[in-house]
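Read the text below alongside the sequence and the 3D view.

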Amino acid sequence: MMRRRLLAGAALLAACMPVRRGAAALLRGAPDPEELAGARAVAASYCRSHPDDLGAIGAIERRLAGDPRKLAAWAAAARADDLAKGDVVLVEGWIMARSEARWCVLRAREAER
Amino acid sequence: MILDLRAEEAPDPVEADLCIVGAGAAGISIARALADTQLQVCLVESGGLEPDAETQDLYRGECVGLPNAGMETGRLRFFGGTTNHWGGRCTKLGSASFLSRPWVAHSGWPITADELESHYAGAWALCGLPPLAPCEEVLKRLGLEAPAIRHDRIDLKVWEFTTGNAPWSFGRLYRDDLRRAGNIRVLLNANLAALETNASGTRVEAVTATSLSGATRRIRARAFALCCGAIENARLLLAATRSGPARGWNRHDVVGRFYMEHLRGLTGVMLAPEGAATLQRIFNFHDLGAIQHQIGLSLPAEAQAAEGLLAASAVLEYSGDPRSGVAAGQSIWRALKRGEWPDDFGSKLFRVLADLDDVAVNTSERLFRRRRPIYPLHAAQVVVDLEQAPNPESRVTLSDEHDPLGMPRAQLRWMLGDQERRTALAFTRNIGIEFARLGLARCRIEPWLTEEDSAWGTRFDPTFHQMGTTRMSDDPAQGVVDRDCRMHGVENLFLGGASVFPAFGHENPTLTILALALRLAQHLKTALA
């Protein structure tokens, strides 16, 4: 039983490594250039599973684009607020504050520019 | 006195004030509570003092619902019953689980938590444990600080474990008490083969006990208590009510219904790059004096009410990095303790030396503060124990197949509803949110909980906590026994054990089985005086 659980856990983590990296980076609470691949993976998955949120992400982007400090401040405050309210989304099963997923999309778009 | 029916050691008929059928946790506790009283007690046990395959096979049955390995392997049919492989995890049933919860159909006990409270003290004593202190106090005594969790989402939960390296077997621990008691006769290798009633079926006059070798005795008593477990109690009653005056006992067709188990499953995986040490320091096993405790989590009553959920608890299981020095040191130590030379000793020793700081800290914590090692974590698994909602379609009936004594075998149709899956999902989500909010860990919910998976029920493991089937209710149309554990409509037939639970939280059932058994013993002592 224990062995089965451990193997299942390990297999899952291996299967979703990029999102896992993104999730781990978010847990540290700071945008990390080395975790861009993770952010991109989260962004791609989130956009696929939550297309209805793209409008809200666009609005945030218009408000904060071009100012990384404002974006980081918004991300930190919104994350705490979302987790307090329980406003979370599942990205490939990972529990994320909605703002964390949105931040990943913004971060991925910014890197593309 | 301990007698063996196979050796024809008992008189015929056996005369007693009380005949208890089943020498497991409930049966032994009732007999022991009546030791050295004026009452003559006969405790009838299907098996002997040691297990044997032929007797164990009497438990073989048919599963037609969800698979359930516990039907045969979960129960043990010899003196001491299932306590012979009990893990010893103890906690009281939460008071909220006694109440009728509008969002949980068929929930609610006819008695309150307060009515059982005084009997828990004796139940703890039977387990060799002091009553469990509140979690905050346990943490304080361990020198740990509780994380600032939001108690509307998750609560801390603590369990105590019976001590010792062997299972806390009531058969081993209390055998001599029963042997010495002048008023107790234990009859081994004696299977209940028939119940005799008066003409109207309102009273049991005698039972017939038969050994697999063919020896038979009638046991006449003023009262009878069936304490054979949820599946067996139902099987015996269903077999008894097939014909004759006892037919009316099941006129409401409740016997065997509402079979429940706890569901145990892996519902989430956690990464804890920063919080690994904090997690392991709190959510782990702890030794307080000689008593082992475990700290985990539970779903608060208000969260259950707000979202229409069942009760649930969770523990974290850790998957340490096998390349770490701590894991290598542990592996060396375990091999040496077994008297074996460790595999790959050179490379393990190298890892210990390369990670000497961590190894030294962990060794010192273990030796001087009796704390579990803190591993560099690969991942933590969220393992949830869930209440099962009472469901009349989840039931024990009789199979067409018969056992060697000519009794129909049990057929189990174990069924779950969607409330269990919803509870597992919401609880894991709450844990994930809180651990993310506190910066402790990031949680991934298992896909089978969130995706369409018609086989989700098979993702849970049965816990061998078999409950329901002869539930307690004041209404004979809704339950089999009344608040005194007396079968409705039969003045001297009582039922003990988890079969009488009308609903149950996430808590391990043994302590509550014991508390109810002690309550029943007190009732019988008064009623038969």
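In chain B, B:Ser97 sits in the loop between β5 (89-90) and α4 (113-126). Helices (H or I, at least four residues) and strands (E, at least two) are DSSP runs, numbered from the N terminus. This is a predicted model, in which local features need pLDDT of at least 70 and side-chain atom pairs count only at pLDDT 80 or more, while totals for chains, interfaces and linings use all residues. Residues are numbered from 1 along each chain as its sequence is written, chains are lettered from A and ligands numbered from 1 in the order in which they are written, and side-chain values use heavy atoms, with hydrogens and water left out.

Is B:Ser97 buried or exposed? B:Ser97 is buried, with a relative accessible area of 5%; buried means under 20% relative accessible area, exposed over 50%, and partly exposed in between (1.4 Å probe, protein chains only). Not counting residues up to four places away in sequence, B:Ser97 touches B:Trp109, B:Gly505 and B:Glu507, where contact means heavy atoms within 4.5 Å.

B:Trp109 is also among the residues that B:Phe501 touches. B:Phe501 and B:Ile30 touch the most other members of the largest nonpolar core, which has 99 residues. Helix α16 (residues 510-528) of chain B gives this core its largest share, eleven residues. A nonpolar core is a set of buried Ala, Val, Leu, Ile, Met, Phe, Trp, Tyr and Cys residues joined through side-chain atoms within 4.5 Å. A second, separate core of 60 residues includes B:Leu156 and B:Trp414.

Chain A has six helices and two strands. Of its 113 residues, 48% are buried.
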